[in-house]
Every structure is written in structure tokens, then in C-alpha cells.
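Please find below a note on the model under review. The sequence and the structure are shown first.

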Amino acid sequence: MIKSAKELTAEEKMRLICGKDFWHTDDLGGKLPQITVADGPVGLRVVKERREDGTETSYPSVAYPSIQLLANTWSTESAKEMGECLADDCKERDVDILLAPGVNIKRNPLNGRNFEYFSEDPVLAGRMAKSYIEGVQEQGVGVCLKHFCCNNLEYDRLHQSSDVDERTLRELYYRPFQIACEAKPVSVMSSYNRINGTYGAEYRRGFDVLRNEFGFDGAIFSDWSAVRDRTASAKAGLDLSMPICDDHYQKLRTDYEAGRLTDEELDRCAQRVLDLIHRCKAMHRGKQVVKTEKKRAEAAKAIAADGMVLLKNDGLLPLGGAKRISVCGCFAKPDTVDMLRGGGSAGVEWLDKTFDIPAALERRGYAVAYEGAFRYDGVESFNQNARTALLNAAKSDVNVVCVGTGNPVEYEAGDRKTLRLPEVQERAILETAEQNENTIVVVFAGGAVDMSVWADKVRAILYAGFPGMGGDEVVADILTGKINPSGKLSETFPLSAESVPAVNAYRVAGVTRYQEGLDVGYRYFVTYEVPVLYPFGYGLGYSEFTYKELLLTAEEDRLRVSCSIENISSRDGKEIVQVYVRECAPLVYRPKKELKAFSKSEIKAGQTKPFEFVLHGDAFAHWSVAENKWEITDGVYEISVGASSQDIRLIGKITIENGKITVV
């Protein structure tokens, strides 16, 4: 078997680094095994038929919650389990590499692809991605970590330049890739956009950081059709351009023959693709499907249950003595599951398209009256029976309104125009709430939603995200109390899009300036005390917890943070404990809170559970532009432990001098 690129001819090497078709590497006429890749992050998308007009038919697959909803679990265990399930999906379809996960930072809440990404925070995004990758790769399937880097809007993504300073790159946009690379992904995908003027497929400086600093030892892919100049990208260190493009191959061949691409440069790329092929085949060898399709579907439901976020509850939930429930909104009983997922390469053909919240509530013993109220033709118009929804609400004990966005609003290659729901949905909420004060809103969306018009007019709000298969059952179980909600927001819900610095940043055709620097998400809102609708890390449940007994223990160059959490309610529940760090008198600008650790655990009713975290030097470091390295400034640091970024329960302080930590 060929192991060295030097055993191949120059032509074979060039064929190898240009791909064979849309989903495969070149087998060089049978001389090499072939690698098969496939989307996507929340359900396997293996194309059955690709038509000349660009439309496709895919094989049905288990549909898991969106990455955004997975992130709302704050559970690395859930992330790993989802990865394990996806690996089994891949093995059944002979897929070697899953093109996922995406760890791009949610700089702008209007990004149409935010449903595919974990968080506005690099530590949360990185740690969740790392566990996801471990879940996939330990089961014998490779991943392709993406999109490196600064693909934070879909606007003009094929050309625009993300203009961002080095410190912000290091602390925000590189950081989740750095953490995820600890899981040794077999491949990384470059982004479409330019980074400070250089296309992602030619980003030598970034590729060097990946390989020389982050320990990445796999192959770098282009995003699909992202290569402009195959020679320039090969010289920069991009190993595999996808999909096949004969023009790229011919230019590569011409440039090689003219001496513009050296044998050494060609060999480097070809060798890494060879290594990728052998590594993937070795990983896969002997690995069998572990979880049945039924078990994977059950896992999808469990992850959705762990990630749905109860945003508001004035005591109405869980439903108690209610007998008659009115349900309105076409999201409760969709004609198409496109309403319940984002569009683009992450769109999966659901194996089971059943989604019926009224029926799920009826199975739990309630008398349910359902009316769609508005149609899903762009989710902008009432249907002819909309008045029935008002009448149903008026004569019911509880009114449930199901609203959202879905494929036409959140999708790859386009951004959202607004964070608000379509007017028809806001009117459905407001008008039915006038008829029934016991109104609950269930939101199906893949990102932040501006709820300012109606949030104070209803008694409860459940953020159900894009929940995947079985999400209807999970919603019914949360409303009726069988499931105690435990998700927390992995991104800030601002009062409006206009209150987000990135939304107002300089942007013209070709350039997006990251002028807000480090002030992304909660870092901005906390530092400048700007009010938000719901803060990063926030979420309610049916249990109540108290935080106590903070203990900081210095251990040379690391800090041990311990505390106890007591469940003072009569209901077992899960709590997500978050640890933030602030440098008290910095010599360079630093946000007032930065997440450095988190943990989720179940605590039985009336019991107390210890939590412990270890913060290493990187928890206190900033990127020094002057020294071009990570640096820890001598000084005082505040350690805060809380239930959200704006609900801090315990505070302690330390000093650092010459790298030595002392508890104050």
C-alpha cells in the first residue's frame, strides 16, 4: 500500500489534492482507498441524487437538535453522545469524515448560520466541540472542524474580508479552534471569506498557527468551491480542494511545470492527504455500529430535553389543574419539518417527520383545541381560520402559542433581516394573550429572538430551538412537568439587534470591520452595563438552588475553585455552574467577565453537591500585542461563580506575581 507521496507521480499528487468529485477523494484508478465525506452536524446528509438544477435528494437520517440547542445543554456529555450517534449514522452509510462541527463565534446575532454554531463564548464553544469530536472519532469516524476562520456572517461570504486585530483573533476567534484541536480532529475546513485581506483557502499565517501552535496534525480542506487559485492555496498549506474543479487542476499543472509550485510544496500537501486516507481507514477498522437507530432517536430527544431553555415562568408551569388547552401556530403541527430546522448544508432529511404538539398534549390527558392561525408561506400571513384561535384561547384554561423561524429565515448563504418574529406571529401572541392571560409561548428558532414586543404580555416562554426528531414530545413533557428544564442560553438575547456593537460596525462591499474588538456578546453587555432581554448563561427550571462555601486554593501555577450547590426545592434538578474571571486593574483593556469554566450536574431535592474547577494559567492570560505572545499580568483577579453571566452568587479574589497565585 502506498504510504509516501514520493511513490506517486507528480500528476497523481496533483489529482490527489484536488478531489475526485463532490464527496470523495481521488483513488487514482484504484491505487488508493477512497475517502467519503458528508454533511452535517445535526444529522447525516448523504446525497442520493444531485440534479442539474442544483437540487438534491438525501437519504433520511436521525435528526438531532441544532448545534445551538446542543450548546444550550452546557453538557460535554451530551455533546459526546451526539458525536457517538452521528458516528454510527456515518458507519451505516460508509462515510469516513463528517463535515462538522462548526465553532465560529456568534459575533452578530443576525448571522443566518448561527444555528450551526455553539456560542458567542470561545471556551464554551471549544469545550463542547472538543467533546463532540471525541464522540465521533472514538467511534471510528473522522471530523472536519470548521470554518477557519472569522466566518461570522453569511453576507458576501465568498468575497468579504473580516478585518480583525491579532489580539481579538487570538482571544476570541482562534480560541475555540485551539481548544477543539485538543481532540485531534483529522481535518479542518477553511472558510470562504478573507481574513485581513487574504482568502481563507490561502491563509498561510492561520494554517501555521493551527499546525505549529495548536498541535493540529491533520489535513486542511477548502470549503466547497472556496479555492480561487489552487497553486496559491497549496503553497499556503491547503491540502485538499473540494469539490473537483478541472480548471484548478489544469492551472496547478501549468504552474508546476513552470516551476511556480515546487516538488516540496506539492509533496507536503499530497503527503497530508495520504496520511488522512490511511488514518481514517485505520480508525474505522473493526468499528461496528454501537447504537441502534431507535437508541439514536432516543438520544436526540434526551439532548433536546437537556437543551431547551425556560426563559420565563411566573408560576404557570408546570401545568397543574388545567384541563382545556388551546394551541395555535403552525409550528405546533408543521406541514413540513423545514419549519423546525435551518437551511443549507446542515439541513437533514428527517427519518421520522412526525411532529404534533396538540396530539402529544392529548396523550397526556388534556383536551386540546388546535388552530394553525398563520401559514408558513414565508410565515407572514394569517390563515382563513385565524379567528378560531382567538375563540379557542378565550374558552380554554391555558393558551399555548407556537412560533418560530425555520428554513426560510435562518439558512446558509444568507443572514436574518431582523431578530423579531414576523408581524403575524407577534400579533398571534398578543391577540390570543388578550383572550387568555394564561398564555405560554414556545419558540422554535436557531438563534436569538427579539421578544421585547410581547415578552411581558405572557406568563411563560419556552425556547425550544430547532429540537430535531421527538421535539414535540419533549415540549409536552416540559410543559406538563415530566421533564424539569435545565438548558441555559449559550448566547445573549439582546433587547434588539441594534444594541449589539457588531450589528452597527463598519461594513461595505468587500470589508467587515471588527471594530468592537473583544466586546462580543456578554463581554460587551456586562462591561458597559447595557440591559439585555436574557443574559448569556441564563435559564430557569422547576428547582431552586443556593450557592455556598466558595473555596479558592492556590496550587503553584493553577487555582482550584470549589463550591457547594444545594437544591432547596422539592424537585430533583440539574444546575449549570459557571466560573468567570476578571482582572481588577488591567494594564490593557479586558472585559469585566470572561467565562473560564463550567459544569452541569443533577442535584437531588434537598441535597447538596460539591463542584470543583481547576483554572490554569491560560484562564488569566491575555494576548500581548507588544510581545506577540500570551502574557499573565501581575495583579489582582476576581473569581466569580454564578448561575449566569449576570447572576453571580459567590466572589473571591487572588493575586498573581511572577506566575505564582496567592489567595487574598
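The points below treat the basis of the model, its pocket, its cores and its salt bridges.

1. This is a predicted model, in which local features need pLDDT of at least 70 and side-chain atom pairs count only at pLDDT 80 or more, while totals for chains, interfaces and linings use all residues. Residues are numbered from 1 along each chain as its sequence is written, and side-chain values use heavy atoms, with hydrogens and water left out.

2. The largest pocket has a volume of about 550 Å³. (A pocket is an open set of points on a 1 Å grid over the protein atoms alone, where a 1.4 Å probe fits, with protein on both sides within 12 Å along at least five of seven lines; lining residues have an atom within 4 Å of a point. The volume is the space filled by probe spheres set on the points, which are joined across faces, edges and corners.) Its lining comprises 26 residues, of which V123, R175, I179, K596 and D618 are the closest to the centre.

3. At least two lining residues come from each of α4 (122-137), α6 (175-180), β24 (594-603) and β25 (608-615). (Helices, H or I of at least four residues, and strands, E of at least two, are DSSP runs numbered from the N terminus.) By class, the lining holds twelve nonpolar, four polar and ten charged residues. (Nonpolar covers Ala, Val, Leu, Ile, Met, Phe, Trp, Tyr, Cys and Pro; charged covers Asp, Glu, Lys and Arg; the others, Gly among them, are polar.)

4. The largest nonpolar core has 143 residues, and Y132, L311, I440, V443, F444, M451 and Y534 touch the most other members. Helix α4 gives the most to this core, with seven residues. (A nonpolar core is a set of buried Ala, Val, Leu, Ile, Met, Phe, Trp, Tyr and Cys residues joined through side-chain atoms within 4.5 Å; buried means under 20% relative accessible area, exposed over 50%, and partly exposed in between, with a 1.4 Å probe and protein chains only.) Another core, of 38 residues, lies apart from it and includes L28 and C280.

5. The model contains 59 salt bridges. (The rule requires a side-chain nitrogen of Lys or Arg within 4 Å of a carboxyl oxygen of Asp or Glu.) K600 and D306 form one of them, at 3.4 Å from N to O. K600 lies in strand β24 and D306 in helix α11 (residues 293-307), 294 residues apart. Both K600 and D306 are buried.

6. R560 and E612 also meet in a salt bridge, at 2.8 Å from N to O. This pair joins strand β22 (residues 558-567) to strand β25 across 52 residues. Shared partners link R113, E116, E154, R157 and E412 into one salt-bridge network.
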